[in-house]
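Have the sequence and the 3D view open as you read, and follow each part in turn.

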Amino acid sequence: MYGVYVHVPWCRIRCPYCAFAVDTRRAPDDAAWLARTLEDWARERPFFEGRPETLSFGGGTPSRADPAALATVVQAVDPAGEVSLEANPEDVTPQRLEAWRTMGVNRLSLGVQTFQPALAPRYGRAHSARDATDALLAVSKAGFRSFSVDLIYGHPEQTVAMLVEDIDHAVATGVDHVSLYSLTIEPGTRFGDRGQTVADEDHWCALHEAAVQRLEASRLQRYEVSNFSRKGARSVHNEHYWRARHWAGLGPSAHGWRPDQARVANASDVSAWLAGAPPAVEGVTGRARLWELVWSTLRHVEGVDRARVRFLTGAEVVCPAAAIEAGLLVEDSASIRLTPDGFAVSDAVVEAVVQATVRAASWIVGSS
Ligand SMILES: C[S@@+](CC[C@H](N)C(=O)[O-])C[C@H]1O[C@@H](n2cnc3c(N)ncnc32)[C@H](O)[C@@H]1O
Ligand code: SF4
């Protein structure tokens with residue numbers, strides 16, 4: 001069981017918070033992107049067995065690419081199940097919706113960030129709140145098996161009422177999945193350069209608590225730190241990452257995790273990747289493998305599977321007693337999981353479990 005991630009770098013503008021590998025040239029070079037993506041697939045394909053279960057177009061802005069180029073990738077990769085695509089609201093037209101559905105896309109994820117007219121300009125988005133609503137309503141009528149919205153929270157000017165309204169607005173359009181990302185200030189972005197801050201701790205906690213309550217009251221259950229879904233509507237592709245399964249990464253900056261235990265990292269500079277720069281390939285074994293297994297699975301609601309970690313590395317996962325006493329983790333003989341309070345401080349808790357586990361496994365050879 002494996003997935004394929006395909007990175008499409010084209011964007012109209014670079015949003016002030018975004019550090020992803022993007023390219024804002026006026027006319028995207030879909031032909032060059034397609035040729036290089038197919039080369040990446042030819043390189044990765046022999047390392048995987050059988051058909052992939054999922055194919056995910058992320059970005060950048062896949063909705064900006066020529067649908068014919070995307071369709072060629074779908075045909076080449078030939079996934080057996082979920083085909084997902086990230087779209088920006090301003091690209092959603094009846095023609096594109098039809099083209100995406102015809103090529104086999106069955107899950108659409110719309111990057112809205114906020115519906116608030118007072119907040120949207122802070123995020124420098126090319127769409128208005130009205131465009132975002134219209135796009136979501138068009139998607140809801142277009143007959144995709146599942147559709148999702150991305151929201152960002154944690155801007156100092158965002159009130160709890162604004163965030164709850166954003167969630168209600170998304171829910172009213174019929175989404176069965178919400179990705180709710182905490183705003184991070186990344187170096188090298190416009191937010192980073194101008195010293196933009198995030199909400200202070202009390203404000204952030206109030207936003208986080210209100211959002212989780214509202215989403216869960218709307219029958220969107222948290223199944224990963226930033227992801228909430230109706231029953232049966234989880235992102236099958238992203239579960240490959242969070243359950244530490246294998247996937248191939250195609251396109252600039254894409255990472256992959258091969259069955260031969262190699263981590264593959266494509267060049268993140270778009271021009272270098274287009275010019276044929278080779279990926280960095282690194283074997284991940286020993287303590288580094290243990291580190292990755294715990295780190296990638298603890299953010300998921302099902303937590304770390306103790307038997308799987310034991311089987312794959314020979315090590316035992318260590319659950320720090322302080323985190324249990326503080327009500328941040330629960331454990332039983334099968335797994336270690338974050339509690340609702342633990343999700344609120346997941347970075348620190350995950351780091352504590354990883355550190356304790358790797359320290360106790362000092363007998364395993366390999367860097368960490
Ligand atoms: C890389 S974007 C690609 C999708 C699409 N181009 C868009 O803008 O919606 C995926 C999502 O990452 C999230 N994101 C990107 N940078 C972020 C940041 N600094 N803090 C929080 N969320 C961020 C946004 O919610 C965005 O929708
Ligand atoms: S958030 Fe999306 S549209 Fe904005 S720069 Fe990043 S990838 Fe492009």
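## Before we start

Helices and strands here are DSSP runs, numbered from the N terminus: a helix (H or I) has at least four residues, a strand (E) at least two. Please keep in mind that this is a predicted model.

## Two backbone details worth a look

Let's begin with the loop that joins β2 (54-59) to α2 (67-77), where you will find glycine 60. The peptide bond leading from glycine 59 into glycine 60 is cis, and its omega is near 20 degrees. Further along, strand β4 holds glutamine 113. Glutamine 113 is not a glycine, yet it has a positive phi of about 75 degrees. For background, most peptide bonds are trans, and most residues other than glycine have a negative phi.

## The surroundings of the two ligands

Which residues are closest to ligand 1? They are Tyr17, Glu86, Gly111, Asp150 and Tyr181, out of 15 residues that surround the ligand. Two elements, β4 (107-113) and β5 (146-153), each give two or more residues to this shell. Sorted by class, the shell around ligand 1 has six nonpolar, six polar and three charged residues.

Around ligand 2 you will see Cys11, Arg14, Cys15, Cys18, Phe20 and Val22, along with Gly59, Gly60, Thr61, Asn88 and Gly111. By class, the shell of ligand 2 divides into five nonpolar, five polar and one charged.

## Helices α5 and α7

Two packed helices are described by the angle between their axes and the distance between the axes. For helix α5 (residues 160-172) and helix α7 (residues 201-217), the angle is about 25 degrees and the axes are 9 Å apart. Since angles under 35 degrees count as roughly parallel, α5 is roughly parallel to α7. The crossing of α5 past α7 is right-handed.

Where do the two helices meet? On the α5 side the contact uses Val160, Leu163, Val164 and Ile167, and on the α7 side Ala206, Leu207, Ala210, Ala211, Arg214 and Leu215. This contact has nine nonpolar residues, no polar ones and one charged one.

## Helices α10 and α11

Now turn to helix α10 (residues 286-297) and helix α11 (residues 306-313), whose axes come within 10 Å and cross at roughly 165 degrees. Angles over 145 degrees count as roughly antiparallel, and α10 and α11 are therefore roughly antiparallel to each other. Their crossing is right-handed.

From α10, the residues Arg289, Leu290, Leu293 and Val294 meet Val309, Leu312 and Thr313 of α11. That contact is made up of five nonpolar, one polar and one charged residues.

## How the two domains touch

The domain assignment gives domain 1 (2-240) and domain 2 (285-368). The C-alpha centres of the two domains lie 28 Å apart. How many residues of each domain are in contact with the other? Six residues of domain 1 are in contact with six of domain 2.

On the side of domain 1 that touches domain 2, α7 and β7 (221-224) each supply at least two residues. The largest share comes from β7, with three residues. By class, this side of domain 1 has three nonpolar, one polar and two charged residues.

Note on methods
Residues numbered from 1 in each chain as written. Chains lettered and ligands numbered in written order. Predicted model: local features only at pLDDT ≥ 70, side-chain atom pairs only at ≥ 80, totals over all residues. Axes fitted to C-alpha atoms, helices over the stretch in contact; angles between N-to-C directions. Parallel < 35°, antiparallel > 145°, perpendicular 65-115°, else oblique. Left-handed = near helix turned anticlockwise from the far one by under 90°. Contact = placed C-beta atoms within 7 Å. Nonpolar A, V, L, I, M, F, W, Y, C, P; charged D, E, K, R; others polar. Near = placed C-beta within 6 Å. Domains from an automatic or database assignment.
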